[in-house]
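Hi,

Here is the structure I promised to pass on.

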Amino acid sequence: MKALFSGLIAAIFFLPATAQKSPVKFGEIPMEDMTMTTYPLDSSASAVVLVDYGEAYILSTSVSVKMTFERHVRIKILKQEGTQWANAIIPLYDAGTAEENVSNLKAVTYNLENGKIIVESKMSKDAVFREKFNRFFIHKKFTLPDVKVGSVLEYSYMVNSDFLLNFPNWQFQKDIPTRLSEYWAIIPDFCTFEKYMQGYVPVTSYEVKNLNISGIASKGHHYVCTNVPAFKEEPYMTSETDYISKVNFALSQISIPGQMVHDIMGSWQKLSSRLMEDDEFYGAVKGSGFLKSTVAQLTQGLTDPMEKIAAIHKYVKETVEWDGNKDFYAGNFKKILEVKKGSSGDINLMLASMLQKAGLDVDMVLLSTRDHGFVREQYPMSKQFNYVVCLVRLGDKSIFLDATEKYLPVNVLPERCLNGRGLIVSPRNFGWINVDTKTKARTTVSADLQLQEDGILKGKVAFTHDGYDANR
């Protein structure tokens, strides 16, 4: 990505960035917020976000192009259950060779002493730690000190990133009400981002300003949303990420003066082609030759393709335990078999590799699980997916396979996978496919009882669990 900007950097006259400002000053807490006991617009609220301010912008220097995201948050605690908001998470993208980093992190808790004096409790360095979330993300977590009912929490930080594809989305709505949510998305004119809103809460105001950031002409997209109600989860809802009010950004194109236009988003076909060349995706499936001997042993004497599928499916299910991580890339299959544990990508791409080595026609299907949200097919981005399963074709039959759950049979996917359509990644059969259930959740109760003279029933009761009930 950095190489795309080499021609532009030479022509830039560098000036200081014209950053915007948070609507409140860190540390200046109004007394009316300190003494607040209930939120007037929602008396049931356990806490309220007083201010949530964000600003994202791209800076160019003579040697690099970086993205910066600044955040300033202030929260009032109203009830004991609201103290959980003292725990905060900053997600950071980790590409292996480079990762996003946090700077200027500060966090303070404010409490009233004798109802008059505001006492500050600053967070120590010991309250901050890193945790591996999945293959691509690290969570930087921190906990504010001395939090109790009546406290006001405040923290701010800056995320520095080399990954323009990860331009931050902005969520206006949370599980508690928000008094003010404000976001500046400052985008250079040479970048084109697709922007789309979701949720039922309309923004209070939206404007676009012409700005100059380090000498680069940019557009500042300014969103303000006031008095945002708390998000309430409804029955049968797949994921709150599909319904919560937010604005999303997706890098579509980079157009540097004097250079070729670079299409970033491309198409689903191009995404499929890239994955077919990826060593951690299709490269892992068609490679891993050491699995041939295992497949030969498992299928020895079997001529029916369904028997081969069942044997390989059973072996992977019983040999490798799912570690709970959802992704669609694979690690080293030899190491995975040694530790006998892996992600959904590790397990299901290994399954695909073994099925292929048994001479079966197998494709991979990318999915977004129910808790990850729906796929918006008009935006061809790999980050919309977080899972992969196998699709075997036998004549006119299509058989879905997933080996992460030990008690689900062939052609039955875990419930988390039933979330609309999936993208077939294949050199021959590229396209979309409906991912639906092939079975039901069923429990059968059989009773053999006799009524005794004393009025008591005696006998045996048997429960038979089938389909999804067998996996619970």
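Predicted model: local features only at pLDDT ≥ 70, side-chain atom pairs only at ≥ 80, totals over all residues.

Residues are numbered from 1 along each chain as its sequence is written, and side-chain values use heavy atoms, with hydrogens and water left out.

Let's start with helix α6, residues 305-319. (Helices are DSSP runs of H or I with at least four residues, strands are runs of E with at least two, and both are numbered from the N terminus.) The expected span of a helix is 1.5 Å times one less than its number of residues. For the 15 residues of α6 that gives 21 Å, and its end C-alpha atoms are 21 Å apart, so the two agree.

The partner I looked at is α8, residues 344-357. The two helices pack at about 150°, with axes 10 Å apart; axes are lines fitted to C-alpha atoms over the stretch in contact, and angles run from 0 to 180 degrees between N-to-C directions. The crossing is right-handed, meaning that the near helix is turned clockwise from the far one by less than a right angle. Contact here means heavy atoms within 4.5 Å. On the α6 side, Ile-309, Ile-312, His-313, Tyr-315 and Val-316 take part, and they meet Ile-347, Leu-351, Met-354 and Leu-355 of α8.

Several residues of α6 are buried, including Ile-309, Ile-312, His-313 and Val-316. (Buried is under 20% relative accessible area, exposed over 50%, partly exposed in between, with a 1.4 Å probe and protein chains only.) The buried residues of α6 pack against α8 and also against other elements, among them α5 (291-298), α7 (333-339) and β19 (387-394).

Now for the strands. His-72 sits in β2, residues 65-77, and counts as buried because its relative accessibility is 6%. Its side chain makes a polar contact with that of Ser-22 at 2.9 Å (N or O atoms within 3.5 Å, one able to donate a hydrogen and the other to accept it; residues adjacent in sequence count only if both atoms are side-chain atoms).

Phe-137 lies in β7, residues 137-143, and at 29% relative accessibility counts as partly exposed. Leaving out residues up to four places away in sequence, Phe-137 touches Pro-91, Leu-92, Tyr-93, Asp-94 and Lys-132.

Cheers
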